[in-house]
Amino acid sequence: MTSTATGELADVLSRYEVVLGLEVHVELGTRTKMFCGCTTEFGAEPNTQICPVCLGLPGALPVVNAVGVESAIKIGLALGCDIAEWCRFARKNYFYPDMPKNFQTSQYDEPICFDGALDVEVDGRTVTIGIERAHMEEDTGKSTHVGGATGRIHGATHSLVDFNRAGIPLVEIVTKPIVGTGADAPAVARAYVAAIRDIVRALGVSDARMDQGSVRADVNVSLMPVGATEFGTRTETKNVNSLRSVERTVRYEMLRQAAIIDDGGVIVQETRHFNEATGETVGGRVKETATDYRYFPEPDLVPVAPDPAWVEKLRAELPELPAARRARLRTEWGLSEPDMQAIDNAGAFELIEATVSAGTGAESARKWWLGELSRHANEAGVELAELAVTPAHVAELQSLVDGGRLNDKLARTVLSGVLAGEGTPTEVMTTRGVEVVSDTGALTAAVDEAIAANPDVAEKVRSGKVAAAGVLVGAVMKTTRGQADAKTVRELIISRLGAE
Amino acid sequence: MAAISREEVAHLARLARLAVTEDELDTFAGQLDQILHSVERVGEVAADDIPPTSHAVPLTNVMRPDEPRPGLSREAALAGAPAAEDHRFRVPRILSEEA
Amino acid sequence: MTDLTRRTAGELGAAIAAREVSSAEVTRAYLDRIGAVDDAVHAFLHVAGDAAVAQAGAVDARIAAGEKLGPLAGVPVAVKDIIATKGMPTTAASKILAGWLPPYDATVVRRLREAGLVVLGKTNMDEFAMGSSTEYSAYGPTYNPWDLTRIPGGSGGGSAAAIAAREAPLAIGTDTGGSIRQPGAVTGTVGAKPTYGGVSRYGLIAFSSSLDQAGPVTRTVLDAALLHEVIGGHDAADSTSIDAPVPAVVEAARQGAAGDLTGLRVGVVREFAAAEGAEPGVVAAFDAAVATLTKLGAEVVEVSCPHFEYALSAYYLIAPSECSSNLARFDGVRYGLRAGDDGTRALEEVMSLTREAGFGPEVKRRIMLGTYALSAGYYDAFYGQAQKVRTLVTRDFTSAFEQVDVLAAPTTPFVAFPLGSRTADPVAMYLADLYTIPSNLYGGPAISVPCGLSEGLPVGLQIMAPTMADGRMYRVAAALESTQEPRLADQTPEVTA
């Protein structure tokens with residue numbers, strides 16, 4: 001399936017250039033909402049984290065959360081943006097039932113951060129993504145659609161609205177048009193969103209949980225004929241909430257749009273939604289009225305003019321950012337750039353870092369996460385981080401190997417037990433009884449048995465063809481059901497046959 | 001310059017979510033046209049170099065600390081709701097995913 | 001104490017503090033008065049009744065316990081229905097909020113209660129404060145106690161009429177383009193718009209956020225100043241609230257009452273005098289008032305504010321623009337009216353039917369006007385230009401206040417007009433705010449004080465001052481008032497039902 005898509009994609013790219021635009025919404029991890037003192041805990045009972053302000057009651061007024069502003073500035077600084085000396089909030093006017101005031105308090109032509117750039121690595125290639133702006137705004141409430149078959153709007157009889165999320169601070173990061181990525185476009189989009197996620201997590205301004213919607217992307221895709229300078233009509237796929245979905249959305253839209261244009265059709269500028277189950281994007285209802293948000297400066301809030309000294313202090317206090325950390329750790333770990341890329345691609349960077357921190361050598365940590373564990377993740381169709389194994393487990397496993405208590409094969413067996421939720425590696429090893437046989441008396445008996453059973457081979461080894469010992473090792477491993485250390489067995493065979 | 005048509009009034013009514021009647025469309029078209037004609041003289045005086053004023057008082061950086069404050073009880077919040085169900089505000093089926 | 005409703009609020013507060021009369025007695029006297037005349041005046045949309053008596057009893061208990069309360073403790077106050085009162089109906093005179101009981105008090109109301117004032121009820125107004133006659137109330141008009149066939153001004157006609165008809169000793173109004181001052185002028189009462197940011201807007205249902213300001217409506221200048229000090233001051237819940245002490249308005253009012261304005265420079269706006277439309281009787285009363293100020297020692301000079309003539313146009317773009325956004329929240333989802341929800345219609349249609357049914361014609365007109373002025377393609381020509389005019393008007397004030405201490409003008413070009421005489425012509429109605437709007441655009445304080453009669457109906461003098469110099473206007477107004485014996489507010493004809 002993937003290879004077919006790649007083939008199709010290559011065909012599309014022979015005729016069209018793709019232009020991407022990404023709008024990433026980051027829900028900040030402030031204790032309270034952007035404009036009121038309501039708490040922001042995820043998963044609270046519906047409508048228990050609301051007040052007159054975030055419920056949009058008549059007469060209620062907003063007051064800006066200082067930490068919300070600070071977080072936005074930190075994000076801007078990390079993305080190399082200029083920080084506005086003076087900026088304002090604006091009202092974005094449109095009606096929607098989960099938006100209490102029927103306008104969103106946002107920023108329009110005066111964002112707090114603007115004009116930055118972010119480098120992302122894709123297959124060894126560095127792509128610089130221009131950042132148009134990062135601005136502050138508030139989240140909406142959440143609607144649950146009732147009565148339909150699928151919980152979606154279509155077919156529902158009515159909807160229920162919970163305003164707990166309404167007013168939670170968001171920073172929206174908007175890229176400049178991303179051109180020239182070609183076949184890498186899906187991967188670039190994914191890498192960019194991953195980089196934003198990692199940066200905001202490193203900054204400590206968001207928990208960056210894509211599965212909980214605290215980082216979500218609006219993905220804009222358009223095609224233009226190769227060599228054209230004017231961008232084609234774009235579609236915007238809203239609220240894509242996993243890295244994999246970002247990648248699939250770009251790929252799907254490229255193929256879909258190309259097919260339409262090839263057939264002489266035109267792309268409709270519209271918002272679309274990505275369906276995780278089908279891997280397709282779906283268009284929304286065509287609106288009878290063109291969108292006109294009637295932005296104007298929010299009269300209930302006064303301008304924000306960050307003190308340059310404050311901005312400089314925040315700049316000085318920025319933590320080490322993911323790109324710098326990657327460069328440092330690559331050196332510390334002594335890994336090759338291809339190895340690092342493989343780690344990036346697998347999303348294993350932090351897992352490996354944590355595993356190394358827990359005492360494992362970088363190469364061993366890399367092997368586990370990119371080998372056996374990646375295979376499990378692929379089979380299960382999940383991200384590495386979603387597996388039921390922690391860096392601490394991997395470190396423990398490796399130390400059992402290093403201590404001679406597990407060999408590679410046994411370690412894999414133990415790992416599958418850990419993945420199955422049977423406990424820590426040591427617990428699994430004990431309960432499954434798979435520890436390496438280290439009792440030399442028992443091993444010697446097994447070796448002698450193997451020699452007796454394979455006189456021809458034994459003779460070859462005696463005569464100096466040490467390589468032939470492998471057959472005997474295999475025989476011993478078989479009789480001990482793999483619970484022996486192959487190296488020890490080999491040494492024992494050679495010494496019994498006096499081959500040295 | 002103003003001259004606002006009946007169709008424009010209908011468009012404004014849709015944007016503003018007002019289900020105006022046919023009679024109102026006629027009345028409002030005439031009245032809005034008259035009002036716009038009388039206010040369009042704002043264009044006569046303000047030169048390009050005049051900055052706009054959005055706020056009466058020139059304050060900046062009014063912010064609050066990130067400290068939780070008690071809000072409304074769920075009962076109080078839902079008390080005024082035209083319809084509620086399962087501790088949420090109940091609304092009729094929604095046509096579009098986005099506004 | 002005979003007829004408590006004829007005493008000033010300051011006198012009542014002193015008597016209550018001295019325990020010569022109880023707050024409960026005063027409150028009952030006003031409730032009785034409301035019962036007697038409000039069928040004819042219709043100043044109130046809601047009378048608190050038992051709740052007011054209970055609150056008065058609680059204040060009496062606090063006083064009896066020796067608690068030191070402010071000078072207006074125990075005095076009843078009527079509150080314009082656009083201000084949120086916890087558990088008490090708050091409709092903004094709109095059907096869309098019929099039956100809504102706010103779960104919170106506006107900061108102004110909280111301060112009233114903390115200072116021991118007793119909330120008598122909620123007063124009538126033009127729907128969402130949009131109007132100059134109170135005829136746009138969804139619950140029927142208020143009638144001017146001076147002549148029940150005439151309008152009491154607007155939008156705060158209910159508060160002004162309640163004061164004029166002695167249904168309350170104090171009232172709270174709100175002023176976006178003149179809604180405190182113009183009703184004050186046409187009912188012979190005192191109405192003060194404090195400096196924008198001087199009184200918290202938290203809990204004041206927003207009409208035009210950058211212009212709205214709550215303030216006192218009273219029978220005397222001193223009462224207005226006393227009430228101003230209760231409700232004024234910084235509020236962390238309102239980002240546009242000025243973080244500074246309340247100007248010493250009571251002291252200024254007392255100083256002015258001595259009747260000496262020596263050294264004070266009063267500017268008369270040349271362009272207002274030249275403008276057509278003011279009734280001759282209004283001009284005559286204004287000229288007489290200016291002559292009186294001169295007699296009191298003030299130096300009167302003419303100043304030029306060339307952009308004031310554009311203020312009305314700018315206002316009728318800015319206010320509708322902001323209102324189109326502020327009133328979007330009334331959608332039948334979380335509170336208030338929901339119309340047309342028959343189980344078959346989709347939300348979008350129900351929202352539109354709700355708003356169509358819930359809003360009156362003037363509100364709809366302004367919402368559409370504002371929607372137009374903010375829409376793509378028109379923003380620069382309308383809203384953007386209006387904001388520039390706002391800058392120019394502010395500059396006019398700034399340069400005028402380099403020459404004079406206060407500006408004087410008629411409050412409104414005409415005396416109370418007959419009910420129904422201007423509703424068919426929105427633009428003719430808008431002219432009522434011609435002289436009051438500049439101060440809202442600028443943000444400075446302004447007061448209307450009765451200054452005479454024209455054809456037997458009250459005329460108001462407006463005094464405008466620089467931002468945060470609220471004391472100056474109280475001083476001048478009190479000085480003018482000191483020359484009137486009896487005060488105009490005390491000459492209101494007896495209302496006969």
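Me: How do you know which share of the contacts in chain C comes from residues 24 or more positions apart?
Reply: Counting the contacts in chain C with a separation of 6 or more, residues 24 or more positions apart account for 76%. Bear in mind that this is a predicted model.

Me: What makes the radius of gyration of chain C agree with that of a compact globule?
Reply: For 497 residues, the rule puts a compact globule near 23 Å, and chain C has 21 Å, so the value agrees. The C-alpha atoms of chain C fill a box of roughly 70 × 55 × 45 Å along the principal axes. Buried residues make up 70% of the 497 residues. As for secondary structure, chain C has 17 helices and eleven strands.

Me: Why is α5(C) called largely enclosed?
Reply: A residue is buried if 20 or more other C-beta atoms lie within 10 Å of its own. In helix α5 (residues 157-164) of chain C, eight of the eight residues are buried, so the rest of the structure largely encloses this helix. Among them are Gly157(C), Ser159(C), Ile163(C) and Ala164(C). After α5(C) comes Arg166(C), with a positive phi near 60°.

Me: What makes strand β6 (residues 214-218) of chain C covered or uncovered?
Reply: Five of the five residues of β6(C) are buried, and the strand is mostly covered.

Me: And how do you know that β6(C) pairs with β4 (residues 170-174) and with β5 (residues 190-193) of chain C?
Reply: Pairing needs at least two bridges. β4(C) and β6(C) share five bridges in the antiparallel sense, with Thr174(C) partnered by Ala214(C).

Me: Why are α11(A) and α13(A) called oblique?
Reply: Angles under 35 degrees count as roughly parallel, over 145 as roughly antiparallel and 65 to 115 as roughly perpendicular, with the rest oblique. Helix α11 (residues 391-402) and helix α13 (residues 425-432) of chain A pack at about 55°, their axes 8 Å apart. The two helices are therefore oblique to each other. His393(A), Glu396(A), Leu397(A) and Leu400(A) from α11(A) meet Pro425(A), Thr426(A) and Met429(A) from α13(A). By class, the residues of this contact are four nonpolar, two polar and one charged.

Me: What makes up the side of chain B that touches chain A?
Reply: In total, 37 residues of chain B are in contact with 48 residues of chain A. The elements of chain B that give two or more residues to that side are α1 (6-15), β1 (63-64), α4 (74-79) and β3 (88-92). β3(B) provides the largest share, five residues. Sorted by class, this side of chain B has 15 nonpolar, eight polar and 14 charged residues.

Methods. Residues are numbered from 1 along each chain as its sequence is written. Chains are lettered from A and ligands numbered from 1 in the order in which they are written. This is a predicted model: local features need pLDDT of at least 70, side-chain atom pairs count only at pLDDT 80 or more; totals for chains, interfaces and linings use all residues. Two residues are in contact if their C-beta atoms, placed from the backbone, lie within 7 Å. Helices (H or I, at least four residues) and strands (E, at least two) are DSSP runs, numbered from the N terminus. Ala, Val, Leu, Ile, Met, Phe, Trp, Tyr, Cys and Pro count as nonpolar, Asp, Glu, Lys and Arg as charged, and the others, Gly among them, as polar. A residue is buried if 20 or more other C-beta atoms lie within 10 Å of its own, exposed if 12 or fewer, and partly exposed in between; C-beta atoms are placed from the backbone. The radius of gyration is taken over C-alpha atoms; the globule rule is 2.2 Å times the number of residues to the power 0.38. Axes are lines fitted to C-alpha atoms, for helices over the stretch in contact, and angles run from 0 to 180 degrees between N-to-C directions.
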